[in-house]
Amino acid sequence: MSEIPLLTVNNDCLMVTCKTNFTAEEVHQFQGHLLDSITDDISKVVFDLTETTYLDSSGIGLLVACHNSMNLLDGSVEIRNVSENIYRLLSLMRLTKRINVTSTQGDDHG
Amino acid sequence: MIVEDELTSSIILQKVLEGYGYDTIWARNLTIAGNLLEEHDVSLMLLDINLPDGNGIEWYLNYKSNHLNQTFPVLFVTADETSEQKIRGFDAGAVDYITKPFDQLEILARVKTHLRLRAAYERLTELQSERLKKLGNSQKLMMPHPDNLPGASFAVQMKQINHAGGDFYDVVQTGTNLWDYIIADASGHDLDTSLWTATLKALFHEYATVLNTPDEILQLINKSLLKILPIHQFFTILLARVNKKNGTVTLVSAGHPPPIIISPHGEVSIFDQESDILGMFPNAVFASTTLNVRLGTRIFIYTDGLVEGFEDMQEGITKLAEMAQKTMQLCVRKAIAQSHTQLQRLGSFSHDDSILMIVEV
């Protein structure tokens, strides 16, 4: 079942609250909405993965694409509260060295 | 199927439909309807809403959630012409309505229309499936069979969920005693993903020469992919170069699950190193290792679909390493078949494509 992430704006920060699955199905349905929400006023995008237990390559692709795009606009991306498994996956891909990733254990990297 | 408790209504519907040449099955309540659906292949259902053992709309919602492959169209039968009732029915997934008292011509017209639509949909699905199969076959042709490269000493097992996917492998002889093996996993699960693997094959064959080190090969591929891949698309890759003359193996990883090395004596090494994915960063850093290996050493390289079905991917990798050790005495073909089967038996139920390759030095 598709679980579209929730988007909220707080000053210059766009908060993306992801649900249990952050996979091809969710990405396909919400990436357009995400792109529309990144206006000139947004300097930071925060992905909250507190509830996320499954992140697939499409989800990772979107996170990195967002990071690369925000970088070009002198903005930033943060990924918060990832589970241990997801943190390990992002580490394997060295993404914890490029993006600010916080695990639920409280490790801060990037 | 006609699901209708009123005898008169059910007889009218049966006579109208059978008079036109259709076969009908009658169920006077929802329980009987459910049982009959287990035994019969139904093309269309006329479903009364108010039945003695329940509401037709709620029953249909429940039936659909428990039978995700259900494809027959449902037309609700009712005396209630209110919009609210109709909206409820359409929201539940009904394709149309038939109201009482019945109009014979209207019943026939609506049934015929929806049967035609269903036939067209099924034909479209069939055509799509045939196209995907053809694409999958073409994709398989891009990947060499071990029998065609006996000098490469490898075995491979591939599983594709849809006929064409983003997992890919290739083997190239880059020098007299030099072999390059590549396993790649493209992000995403669309049809486009399988088409990008063709691009990767072309790039691999262009750059995999004795003039380029394995790390340089990936850097060159990365540079090319950055120019052409969509912004969300990437690959993870493991490249292994075996030098049979001097007994070395060079492993270069781009965000890929770690390769497993088994020595002839059964010692296991898992090369777990952080590295960037391919196609996303111009200043990508790949992890590279060169090992001196003995004759008979085996290298296990695979895509994440093989191990991510376990609760923890690390568990899957550990299990694969155990299987690699246990099957050391078998020839590579038997080793790969047994490893693959055992992993599935132990719980590797991924919804992703997977490749397992064993290279024997």
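Colleague: What makes the largest nonpolar core a core, and which residues have the most contacts inside it?

Modeller: A nonpolar core is a set of buried Ala, Val, Leu, Ile, Met, Phe, Trp, Tyr and Cys residues joined through side-chain atoms within 4.5 Å, where buried means under 20% relative accessible area, exposed over 50% and partly exposed in between, with a 1.4 Å probe and protein chains only. The largest such set in this predicted model has 47 residues, and B:Tyr181, B:Ile221 and B:Phe235 have the most contacts inside it. Among the elements that give two or more residues to this core are α6 (191-207) and α7 (214-228) of chain B. Apart from it lies another core, of 35 residues, including A:Phe30 and B:Ile277.

Modeller: Residues are numbered from 1 along each chain as its sequence is written, and chains are lettered from A in the order in which they are written. Local features need pLDDT of at least 70, side-chain atom pairs count only at pLDDT 80 or more, totals for chains, interfaces and linings use all residues, and side-chain values use heavy atoms, with hydrogens and water left out.

Colleague: How do you know that the span of α7(B) agrees with that of a helix?

Modeller: Helices are DSSP runs of H or I with at least four residues, strands are E runs of at least two, and both are numbered from the N terminus. The expected span is 1.5 Å times one less than the number of residues, so the 15 residues of α7(B) should span 21 Å, and the end C-alpha atoms are 22 Å apart, which agrees. In α7(B), B:Ile221 is among the buried residues.

Colleague: Why are β6(B) and β7(B) called paired?

Modeller: Two strands pair if DSSP finds at least two bridges between them, and β6(B) and β7(B) have four, in the parallel sense.
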